[in-house]
Amino acid sequence: MTFVVIDNCIKCKYTDCVEVCPVDAFHEGPNFLVIDPDECIDCTLCEPECPINAIYPEDDVPAGQEALVALNAELAKSWPVITERKDAPADAGDWEGKPDKLALLER
């Protein structure tokens with residue numbers, strides 16, 4: 001099993017989670033993070049670090065977010081690895097908890 005970043009991360013992109021990952025499974029896009037399922041070792045360290053609860057075990061992804069499992073795997077193949085925390089976007093707080101952000105994803 002792997003962990004998955006869901007759409008609540010889009011436009012928030014807090015990176016607290018990346019520093020605790022022992023295998024560098026996180027990849028960074030313009031306004032979203034993803035987890036590479038081939039690298040994730042299911043250690044559970046990242047999940048509690050996310051301040052907006054945007055990381056879930058693959059088997060517990062919330063209803064309506066199932067497509068994010070495949071999307072994390074797809075984008076991890078082309079986005080660069082991120083291992084160090086960065087400042088969140090200035091307007092990240094404005095986007096926390098907003099529903100249906102998948103259309104806002106920048107590739």
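User: Why is Ile-35 called buried in this model?

Analyst: Happy to start there. The model is a predicted one, and in it Ile-35 has a relative accessibility of 1%. Buried means under 20%, so Ile-35 counts as buried.

User: Where does Ile-35 sit in the secondary structure?

Analyst: Ile-35 belongs to strand β3, which covers residues 33-35.

User: Which residues does Ile-35 touch, other than its neighbours within four places in sequence?

Analyst: Contact here means heavy atoms within 4.5 Å. By that test Ile-35 is in contact with Thr-2, Phe-3, Val-4, Val-5, Ala-25, Phe-26, Cys-40, Cys-46, Ile-55, Asn-72, Ala-73 and Ala-76. As for Cys-17, which is 18 residues away along the chain, its C-alpha atom is separated from that of Ile-35 by 10 Å.

User: What makes the protein as compact as a globular protein of its length?

Analyst: Let's begin with the elements. There are two helices and four strands, and from the N terminus on they run β-β-β-β-α-α. The radius of gyration is 12 Å, close to the 13 Å that the globule rule gives for 107 residues, so the protein is as compact as a globular protein of that length. Taken along the principal axes, its C-alpha atoms fill a box of roughly 30 × 30 × 25 Å.

User: How much of the protein is buried?

Analyst: Of its 107 residues, 43% count as buried. The accessible surface comes to about 5600 Å², and 47% of that belongs to carbon and sulfur atoms.

User: What share of the contacts joins residues at least 24 apart?

Analyst: Among contacts between residues at least 6 apart in sequence, the share is 77%.

User: How many cavities of 30 Å³ or more are there?

Analyst: A search of the whole structure finds two. About 80 Å³ of space lies in the largest cavity. This cavity is lined by 15 residues, and the closest to its centre are Cys-21, Pro-22, Cys-40, Cys-43 and Cys-46. The lining divides into 13 nonpolar residues, one polar and one charged.

User: What makes the lining of the second largest cavity count as eight nonpolar residues?

Analyst: That cavity has a volume of about 30 Å³, and its lining is formed by Val-5, Cys-9, Tyr-14, Cys-17, Leu-33, Cys-50, Ala-54 and Ile-55. Val, Cys, Tyr, Leu, Ala and Ile count as nonpolar, so the tally is eight nonpolar, no polar and no charged.

Key. Residues are numbered from 1 along each chain as its sequence is written. This is a predicted model: local features need pLDDT of at least 70, side-chain atom pairs count only at pLDDT 80 or more; totals for chains, interfaces and linings use all residues. Side-chain values use heavy atoms; hydrogens and water are left out. On a 1 Å grid over the protein atoms alone, a cavity is a set of points where a 1.4 Å probe fits but cannot get out, and a pocket is an open set with protein on both sides within 12 Å along at least five of seven lines; lining residues have an atom within 4 Å of a point. Grid points are joined across faces, edges and corners, and a volume is the space filled by probe spheres set on the points. The radius of gyration is taken over C-alpha atoms; the globule rule is 2.2 Å times the number of residues to the power 0.38. Buried means under 20% relative accessible area, exposed over 50%, partly exposed in between (1.4 Å probe, protein chains only). Accessible areas come from the Shrake-Rupley method with a 1.4 Å probe; for residues, only the protein chains shown count as cover.
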